[in-house]
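Here is my note on the model you sent. Please keep the structure open while you read, and look up each residue as it comes.

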Amino acid sequence: MTGRLNSAQPYALGLFRMVVGLLFACHGAVSLLGLLGGVDGNGGTVGTGTWPGWYAAVIELVGGSLVLLGLGTRAAAFISSGAMAYAYFKVHQPEALWPIENNGEGAAMYCWAMLLLVFTGSGAFGLDRLFARRPSSPDASRPAEHTPVTA
């Protein structure tokens, strides 16, 4: 059973990345483009250049799209994770200590999900794999073994 689950790990990680990226990009699309009801429910957008809302929305839309595509996943996820950490500690945490009390569950979950992608990479189905450097020697053409880190 463990062997089957381990062999499916890159695919599960790729699907996780795509779902997280899509949902994250939707937040940016709501704020920047007024899609899905916009910020006010009537298609409204955040003001261009307003701090921190507009900048967060740009990071959400661009970072989420890159993560969704699996293109520059680690860098996009790192910046997105930092943006969500900022959102949690500057916007939500001053209201109350726990995320359930301060409506910061989304920011906390996105922060940790993106941080996980920084360490795992894009998994299967990512465009990162298409642009990976091709091996030059015949021995290097075999895929490297990836063993999970154990405690």
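**Notes on the model**

1. Start in a loop. Proline 52 lies in the loop between α2 and α3, the latter spanning 53–69. The peptide bond from tryptophan 51 to proline 52 is cis. Its omega is near -5°. Keep in mind that this is a predicted model.

2. Is leucine 36 buried or exposed? Leucine 36 counts as exposed because its relative accessibility is 69%, and the cut-off for exposed is over 50%.

3. Now step back to the whole chain. The chain has 6 helices and 0 strands. Read along the sequence, the pattern is α-α-α-α-α-α. The chain has 151 residues, and 30% of them count as buried.

4. How do the parts of the chain meet? The accessible surface of the chain is about 10,100 Å². Carbon and sulfur atoms account for 66% of that surface.

5. Next, the interior. In soluble globular proteins, nonpolar side chains tend to be buried together. In this model, the largest nonpolar core has 17 residues. Val67, Ala77, Met84, Met114 and Leu117 have the most contacts inside this core. Which elements give two or more residues to the core? They are α2 (9–33), α4 (73–92) and α6 (105–120). The largest share, 7 residues, comes from α6.

6. Find each of them in the structure.

7. Then turn to the aromatic rings. A search of the whole structure finds 6 aromatic pairs. Tyrosine 11 and phenylalanine 125 form one of these pairs. The pair is tilted, with 5.7 Å centre to centre and 50° between the planes. It links distant parts of the chain. Tyrosine 11 is in helix α2, phenylalanine 125 is in the segment after α6, and the two are 114 residues apart.

8. Ring pairs link Trp51, Trp54, Tyr55 and Tyr86 into a cluster. Trp51 has come up already: the cis peptide bond runs from this tryptophan to proline 52.

9. Return to phenylalanine 125, in the segment after α6. Its phi is positive, about 70°, although it is not a glycine. Why does phenylalanine 125 count as partly exposed? Its relative accessible area is 47%, so it falls between the cut-offs of 20% for buried and 50% for exposed. Tyrosine 11 is partly exposed, with a relative accessible area of 47%.

10. Last, the surface. Tyr11, Leu15 and Phe125 form a nonpolar patch there. Together they have about 330 Å² of accessible area.

Methods
Residues numbered from 1 in each chain as written. Predicted model: local features only at pLDDT ≥ 70, side-chain atom pairs only at ≥ 80, totals over all residues. Heavy atoms only, no water. Core = buried A, V, L, I, M, F, W, Y, C linked by side-chain atoms within 4.5 Å. Buried < 20%, exposed > 50% of the residue type's maximum accessible area, 1.4 Å probe, protein only. Helix = DSSP H or I, 4+ residues; strand = E, 2+ residues; numbered from the N terminus. Patch = residues over 30% accessible without salt bridge, like charges linked within 9 Å, V, L, I, M, F, W, Y side chains within 5 Å. Areas by Shrake-Rupley, 256 points an atom, 1.4 Å probe, with all protein chains shown as cover. Salt bridge = Lys/Arg side-chain N within 4 Å of Asp/Glu carboxyl O. Phe/Tyr/Trp six-rings, centres within 6.5 Å; stacked < 30°, edge-to-face > 60°.
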